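The sequence and structure come first.

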Amino acid sequence: MKSYRQAFIHFLLFSLLTFGGASFTVLNAAELKKVEADVATPELKLESLDGKTIDLKDFQGSVVLVQFWATYCTPCRKEMPSMNNLMKKLAESKTPFKILAVNMGETKEEVQKFVDEVKPEFTILMDSKGEHVQAWNVFAAPSNFVIDGKGKIRYTLFGGVDWDSDDIVNTIKQLAADTAADVKQAADGDTDAKDAMEAKTDKTDKDSPEK
Amino acid sequence: MVFTRNVFVKPASVLKLFLIIFATFVLNTASATTADDVKIFSTNDDTEIEVRIFKGDGDQLLLGFACDQGSSMAEEKTAHELAMDGVEVWMPDMLSAYMLPKLRSSLADIPTDGLLKIIEEAQKTGKRVYLIASGPDTELILRVAAEWEQLHAGDDKKKLAGAILMFPRLNKDKPEPGKPPIYQDAVGKTHLPIMVLEGERTPNRWGIGHLTNALKKGGSTVYAKLIPDVRGYFFKRDDPNIPENVVTSQLPGLIKASLFFLGRAH
C-alpha cells in the first residue's frame, strides 16, 4: 500500500515538474550579460507616449535600462511589474536610475491600452518606424541594454527576467557606484590638473622676463 | 504524513486516472486525416515515412508542412483547399518516421535522405515541386534543398521550383541584444527562389531584411512579405485573435500568391 502511495506522490511531483514547470521557467531564465567590448551606444531620442521628447544623453550620471518591447510579447508583459519594483528599490537606496522602454513599432492606441492594463511606472518611448530598433541591432523582444552613467552599454539581456531580484538590484547599485567613483576621480583629476596648471602659470608668470 | 493521507487515492482510481489520460491522448492524436491518399515511402535504411497526399490537377506540387496527426488541422484544411484549387500537397510526417519527439531540438536530428527520397517521388509526378515549412522547421527544407542541388547540379529537369518559409526561425543561438543574429548553417547554401512570410506582430519582423540578405548569399532570389496584424505561428496558436483567424482562413490564397511570386523568379 505504501508503495502505491509513494508512486502516486511521485506521479504528482513528476506532473508538477513537467507541466507546471513551464510557468516558473518563463522568468529568471535570462541573466545580465557583461559587455566586454567597447561598443558605441547608438543615439536614442524619441517621443514618449505622453508626447515629450526624451534623449538618452540627458540621463548622463544615471544608470539607464533601455528596453525594447512590444505589447504582443508575453515576457514583456510579465516582467513589467518587476521593473516597477526595481525602480522603487533603487529609489529607496537613492541610486540614480532610469528606465526607458522603447515600444517596437506599434500604434499609440495599442500601447496606451497595454499601459492602462499593465501599468508600467516608467517612461514609454514610441519608435513608430522601428528606426531605433534597427540602429540598436534588436531582433527579438524583450531586448535590454543597461547603460552606465557615462552612457556606455555595460550589460545586455534578452528575455524575461525578475528585474527586482537581489542580483540585478546589486549589479545596478554597483554600476552606479562605479560611475560615481569614476566621475569623482575625473573631477579630482581635473582639479589636480587645474591646480597644477595654475601653479605652473604662477611660476611662469614669476619667471617671465617681461615681469 | 497527514498530507499524504489526505491525497491518497486507491490504486484502482490511479489506474482509472491513467486510462482516462491515455484515452484522451489517443483520441487527440488519432484524428482521421482528410488526405486523398496516404503513401509510405521507404528510405535506403528502411525508414518508413508516411506522406499524406492532397491531390491537385494543376502542375504545382507543394511538399512540406512538417506535421503530425492531430495538431496540424489548419495545415490539413489549407492543403485540402489548395488541392481543390489545383495545387497538389504532400505532407510527410518526418518526426514520426524517425521516432523523434515534437521538439525544436529534434529537427537537427532529422536526416535528409528521407526528404530527398520524397522529393524524387514528387518529381516523378511531372509537377513543379515547391517546398514549404514554418518556424524552426524551415532549417530542414533549406538543408534538404542545398543537398538536392548538390546532388543534381546542372540537371535542369531535377530543379526545385522554390521554397516558402513561413515565419522562419533560423537563429543558431539565443538572440543577443546589440548583435546581428547568427543563422543556422543551412542559411545561404541554396539558390532556390525563396518567399519569406513573416507576421507583422513579431519582433522577428525587424530581422527580415537581415535574414533576406543572408538567404541571398546562396544565390537565391528572395521575396519577403509582412502579413499585417498577425503574430508568428498564427495558424498554430491556441489563442488566435480575429486577424489571425482571418489570415488562417486565407492561408491557401497567401500560399498561391507566394507560388506566383516564386514562379516569376525563374
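Helix 7 (residues 138-151) of chain B lies across strand 3, strand 5 and strand 6 (162-166) of chain B, and runs at about 145° to strand 5 of chain B. Helices (H or I, at least four residues) and strands (E, at least two) are DSSP runs, numbered from the N terminus. Contact means that the C-beta atoms of two residues, placed from the backbone, lie within 7 Å. Axes are lines fitted to C-alpha atoms, for helices over the stretch in contact, and angles run from 0 to 180 degrees between N-to-C directions.

The model is predicted: local features need pLDDT of at least 70 and side-chain atom pairs count only at pLDDT 80 or more, while totals for chains, interfaces and linings use all residues. Residues are numbered from 1 along each chain as its sequence is written, and chains are lettered from A and ligands numbered from 1 in the order in which they are written.

In chain B, eight strands form an open sheet with mixed pairing, in the order 1-2-4-3-5-6-7-8. Its edge strands, strand 1 (37-42) and strand 8 (222-227) of chain B, each pair on one side only. Neighbouring strands of the sheet are turned by 20° against each other on average, direction ignored. Two strands pair if DSSP finds at least two bridges between them.

| Strands of chain B | Sense | Bridges |
|---|---|---|
| Strand 1 and strand 2 | antiparallel | six |
| Strand 2 and strand 4 (residues 88-92) | antiparallel | four |
| Strand 3 (residues 60-64) and strand 5 (residues 128-134) | parallel | five |

Strand 1 and strand 2 of chain B form a hairpin with five residues between them, and Asp46(B) in the turn has a positive phi of about 65°. Phe41(B) stands opposite Ile49(B) in strand 2 of chain B. Phe54(B) has Val89(B), in strand 4 of chain B, as its bridge partner. Leu61(B) is partnered by Val129(B) in strand 5 of chain B.

Helix 10 (residues 251-264) of chain B lies across strand 3, strand 5, strand 6, strand 7 (194-199) and strand 8 of chain B, at about 145° to strand 7 of chain B. Leu251(B), Ile255(B), Ser258(B), Leu259(B) and Leu262(B) of helix 10 are buried. They cover an arc of only 100° around the axis, which puts them on the same side of helix 10 of chain B; the arc is that of the directions from the helix axis to the C-beta atoms. On the other side of helix 10 of chain B, Phe260(B) and Arg264(B) are exposed. A residue is buried if 20 or more other C-beta atoms lie within 10 Å of its own, exposed if 12 or fewer, and partly exposed in between, with C-beta atoms placed from the backbone.
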